[in-house]
Amino acid sequence: KEIYHYLDMSNYHFDVNLDGSSSKVNLLYISHSRDENDWPSIIHSHLFCELLYIEKGKGELVVNGEKIQISERDCILLPPNNLHTETSSETDKLEYYALGISGLAVSYEDYEGPIINFGSENDRVRNLIKNMYGELRKKNSNYELIVKGYFYILLTMLLRAKKANVEVKKSEHNAKTKLNLVKDYIDSHYM
């Protein structure tokens with residue numbers, strides 16, 4: 001298992017490959033970002049789902065041209081191939097975790113949008129994400145097993161939340177998908 005750590009301004013990014021089983025769902029990365037006016041907000045997309053957990057602050061998420069207000073304790077699940085970006089308010093800067101998750105299909109038919117309200121379980125979700133990130137930073141022995149366990153608990157909570165149509169799905173690999181993989185790699189490593 002290879003794990004890479006990138007330090008980009010106020011953004012810590014860990015690439016994670018937890019696939020070693022027959023699981024179709026994978027945690028690809030987890031990052032922690034704090035807006036300190038040191039990176040541009042660029043519209044982008046991913047071939048996989050991205051889960052954002054807003055730790056602090058307020059701002060705006062733009063998804064496929066639609067503006068959504070976001071704030072502390074919001075958990076946002078973005079489907080693959082959706083153009084998006086986030087920006088902070090001028091007075092209350094965003095701090096958030098981002099998780100890349102492959103193998104999920106997400107749609108919002110019959111639902112209000114990408115914000116997942118976990119209600120009384122919100123603190124548990126926050127702690128799972130923070131604990132995953134902490135394990136990846138410390139890299140103590142067998143941390144991959146702990147991260148995998150936390151991730152599967154988080155995945156189960158997402159599937160139970162019923163705030164969106166979320167299901168496990170094997171991703172398709174066609175020419176467009178492969179080009180998007182190259183674009184995502186370049187965006188993640190060189191932008």
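## Model and conventions

Local features in this predicted model need pLDDT of at least 70, side-chain atom pairs count only at pLDDT 80 or more, and totals for chains, interfaces and linings use all residues. Residues are numbered from 1 along each chain as its sequence is written, and side-chain values use heavy atoms, with hydrogens and water left out.

## Overall make-up

The protein has three helices and 12 strands; these are DSSP runs numbered from the N terminus, helices being H or I with at least four residues and strands being E with at least two. Of its 191 residues, 46% are buried, where buried means under 20% relative accessible area, exposed over 50%, and partly exposed in between (1.4 Å probe, protein chains only).

The exposed surface comes to about 10600 Å², of which carbon and sulfur atoms supply 48%; the areas come from the Shrake-Rupley method with a 1.4 Å probe, and for residues only the protein chains shown count as cover. Among contacts (heavy atoms within 4.5 Å) between residues at least 6 apart in sequence, 70% join residues at least 24 apart.

## Nonpolar cores

A nonpolar core is a set of buried Ala, Val, Leu, Ile, Met, Phe, Trp, Tyr and Cys residues joined through side-chain atoms within 4.5 Å. The largest one holds 30 residues, and Leu 51, Leu 99, Ile 129 and Met 132 touch the most other members. Elements that each supply at least two residues of this core include strands S3 (26–34), S4 (49–56) and S9 (95–102), and helices H1 (122–138) and H2 (143–161). The most comes from H2, with eight residues.

A second, separate core has 14 residues, among them Ile 76, Leu 78, Leu 94 and Ala 98.

## Helix H1

H1 has 17 residues and spans 24 Å from its first C-alpha to its last, close to the expected 24 Å at 1.5 Å a residue; the expected span is 1.5 Å times one less than the number of residues. Its buried residues are Asn 122, Val 125, Leu 128, Ile 129, Met 132, Tyr 133, Glu 135 and Leu 136. Lys 139, which follows H1, has a positive phi near 55 degrees.

Asn 122 has a relative accessible area of 6%. Apart from neighbours within four places in sequence, Asn 122 contacts Tyr 53 and Arg 73. The side chains of Asn 122 and Tyr 53 are joined by a polar contact of 2.6 Å (a pair of N or O atoms within 3.5 Å; within protein, one must be able to donate a hydrogen and the other to accept it, and residues adjacent in sequence count only if both atoms are side-chain atoms).
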